[in-house]
Amino acid sequence: MDQVALEGMEFFAFHGYYEEEQKIGNKYSVDLYIDTDLQQAGTSDELENTVNYVVLYQLVAEEMHIPARLLEHVGQRIISRVQAAFPHISGVKVSVSKYNPPFGGICFRSRVTLERKS
C-alpha cells in the first residue's frame, strides 16, 4: 500500500479540558498519513487519481479551529472528515500534539495518535 503524508502542520487553537486552556489557546501540530493506492496517479500524472494535499490541509485546518476538550476528539473528527472526502482510501492515521501542556512541570508536548482502516 502507498501513502500520502502531511507532517508538521502547525496551528494555534483553543483545545483543552480545562477552561483556561480554551481561553488562552496553545500551539498544536498535526501529522496525517493516508494509505491508498497511488499506482494510477503515478502513471497518469493527474490530480484526480490521488489524494489532494490542499484538500487534506484544509480539512485539518477547519477541524483544528473548532474547540474541543480532548485531542482524541479532534483526531477522530479529522479522520471522519478525511474518510468522507476520500472514500477510496484504505486507512488514515493522525497524530495531534499539544506543545507545553499545562502539567505544572516540563513536558515538550503531549500527543495522541489514532488510526482507522477503511
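## A walk across the sheet and into the pocket

Start by selecting strands β2 and β3 (residues 91-99), which pair in the antiparallel sense over eight bridges. Strands here are DSSP runs of E with at least two residues, helices are runs of H or I with at least four, and both are numbered from the N terminus. Two strands count as paired if DSSP finds at least two bridges between them. Before you go on, note that this is a predicted model, where local features need pLDDT of at least 70 and side-chain atom pairs count only at pLDDT 80 or more, while totals for chains, interfaces and linings use all residues. Residues are numbered from 1 along each chain as its sequence is written, and side-chain values use heavy atoms, with hydrogens and water left out.

Now show V30, which stands opposite V96 in β3. Also facing β3 is D35, opposite G91.

Next, colour the whole of β2 (residues 26-36): 10 of its 11 residues are buried, meaning under 20% relative accessible area with a 1.4 Å probe and protein chains only. Within β2, L32 is the bridge partner of L6.

Zoom out to see the open sheet of four strands, in the order β1-β2-β3-β4, with antiparallel pairing. Its edge strands, β1 and β4, each pair on one side only. From one strand to the next the twist averages 15 degrees.

Then bring in the helices. Packed on the sheet, α4 touches β2, β3 and β4, and its direction makes about 35 degrees with that of β4. Helix α3 (residues 53-64) lies across β1, β2 and β3, running at about 35 degrees to β1. Contact means heavy atoms within 4.5 Å; axes are lines fitted to C-alpha atoms, for helices over the stretch in contact, with angles from 0 to 180 degrees between N-to-C directions.

Last stop: the largest pocket, with about 220 Å³ of space. Of its 15 lining residues, select Y17, E21, R69, K98 and S110, the closest to its centre. A pocket is an open set of points on a 1 Å grid over the protein atoms alone, where a 1.4 Å probe fits, with protein on both sides within 12 Å along at least five of seven lines; lining residues have an atom within 4 Å of a point. Both α4 (71-85) and β4 (109-117) supply at least two residues of the lining.

Key
Points joined across faces, edges and corners; volume = space filled by probe spheres on them. Buried < 20%, exposed > 50% of the residue type's maximum accessible area, 1.4 Å probe, protein only.
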